[in-house]
Amino acid sequence: MAKPPAPLFNQINIVSRNPEASLAFYRRLGVHLPAESAWGTATGLHHVNGSCAADETLGLDVDSVAFAKCWNTGWRNREDLAGRVVLGFHFPTREAADACFTDLTVAGYTGLQPPIDAFLGARYATVADPDGTAVGLMSPISDAMRSPPPNV
């Protein structure tokens, strides 16, 4: 059996107790976080994404604690999420992301979010590494799989 292609490390996601303050900090630092990439609801800013590499190959996302609890069901009852990070790995297909989650959890690693069809149109799952760092597993985005964002 051929070994599947290695995932591409392409994202760092920061969970922030105050996304507005984090946005101001990272913009001042020089990270490209365009206004059109910000998303919020009546309760405030919940997500912004940009790039922290000149060639835009490494994304930086900032999410509110409330929003992180939506996309990572393993964190729903936690109160210590501010300052946590998620290391994001891109897989070539939806099936490859699912297979990696299965492989890691069968090997004994903790699954935080089983594979789901995320509202942004990608297949998404989260596992914890041995030290508890969250690792996101994401497929390419499909416009056909997009759905309305969660009510945060």
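## Leu 120 and its surroundings

Setting aside neighbours within four places in sequence, Leu 120 is in contact with Met 138, Ile 141 and Arg 146. Contact here means heavy atoms within 4.5 Å. Leu 120 sits in the loop between strand E6 (111–117) and strand E7 (123–128). Helices (H or I, at least four residues) and strands (E, at least two) are DSSP runs, numbered from the N terminus. With 26% relative accessibility, Leu 120 counts as partly exposed. The scale is this: buried is under 20% relative accessible area, exposed is over 50%, and partly exposed lies in between (1.4 Å probe, protein chains only). Leu 120 and Ser 147 are 27 residues apart along the chain, and their C-alpha atoms are separated by 6.7 Å.

## Basis of the model

This is a predicted model, in which local features need pLDDT of at least 70 and side-chain atom pairs count only at pLDDT 80 or more, while totals for chains, interfaces and linings use all residues. Residues are numbered from 1 along each chain as its sequence is written, and side-chain values use heavy atoms, with hydrogens and water left out.

## Overall fold

The protein has three helices and eight strands. Along the sequence they follow the pattern β-α-β-β-β-α-β-α-β-β-β. The radius of gyration is 15 Å, close to the 15 Å that the globule rule gives for 152 residues, so the protein is as compact as a globular protein of that length. That radius is taken over C-alpha atoms, and the rule is 2.2 Å times the number of residues to the power 0.38. Along the principal axes, the C-alpha atoms fill a box of roughly 50 × 35 × 30 Å.

Buried residues make up 38% of the 152 residues. Of the contacts with a separation of 6 or more, 52% come from residues 24 or more positions apart.

## Surface and charge

The accessible surface comes to about 8500 Å². Carbon and sulfur atoms hold 57% of that surface. Areas come from the Shrake-Rupley method with a 1.4 Å probe; for residues, only the protein chains shown count as cover.

There are 11 positive and 15 negative side chains. The centres of the two sets lie 5 Å apart. Lys and Arg count as positive, Asp and Glu as negative; His and the chain ends are not counted. Each charge is placed at NZ of Lys, CZ of Arg, CG of Asp or CD of Glu.

## Aromatic pairs

The structure holds seven aromatic pairs. Rings of Phe, Tyr and Trp (its six-membered ring) pair if their centres lie within 6.5 Å; planes under 30 degrees apart count as stacked, over 60 as edge-to-face and the rest as tilted. For Phe 25 and Tyr 26, the ring centres are 4.8 Å apart and the planes are at 90°, so this pair is edge-to-face. For Trp 39 and Phe 67, the centres are 4.9 Å apart and the planes at 55°, so this pair is tilted.

Trp 39 belongs to strand E2 (residues 39–41) and Phe 67 to helix H2 (residues 65–71), so their pair ties together parts that are 28 residues apart in sequence. Both Trp 39 and Phe 67 are buried. Ring pairs also link Trp 39, Phe 67 and Phe 119 into a cluster.

Trp 71 is found in helix H2. At 12% relative accessibility, Trp 71 counts as buried. Beyond neighbours within four places in sequence, Trp 71 is in contact with Asn 13, Asp 63, Val 86, Gln 113 and Tyr 124. Trp 71 and Asn 13 are 58 residues apart in sequence and 12 Å apart in space, C-alpha to C-alpha.

Val 65 is also found in helix H2. At 22% relative accessibility, Val 65 counts as partly exposed. Leaving out neighbours within four places in sequence, Val 65 is in contact with Val 15, Ser 16, Arg 17, Leu 81 and Ala 82. The C-alpha atoms of Val 65 and Asp 80 are separated by 9.1 Å.

## The segment before strand E1

Ala 2 is found in the segment before strand E1 (8–16). Ala 2 is exposed, with a relative accessible area of 71%. Ala 2 and Thr 41 are 39 residues apart in sequence and 45 Å apart in space, C-alpha to C-alpha.
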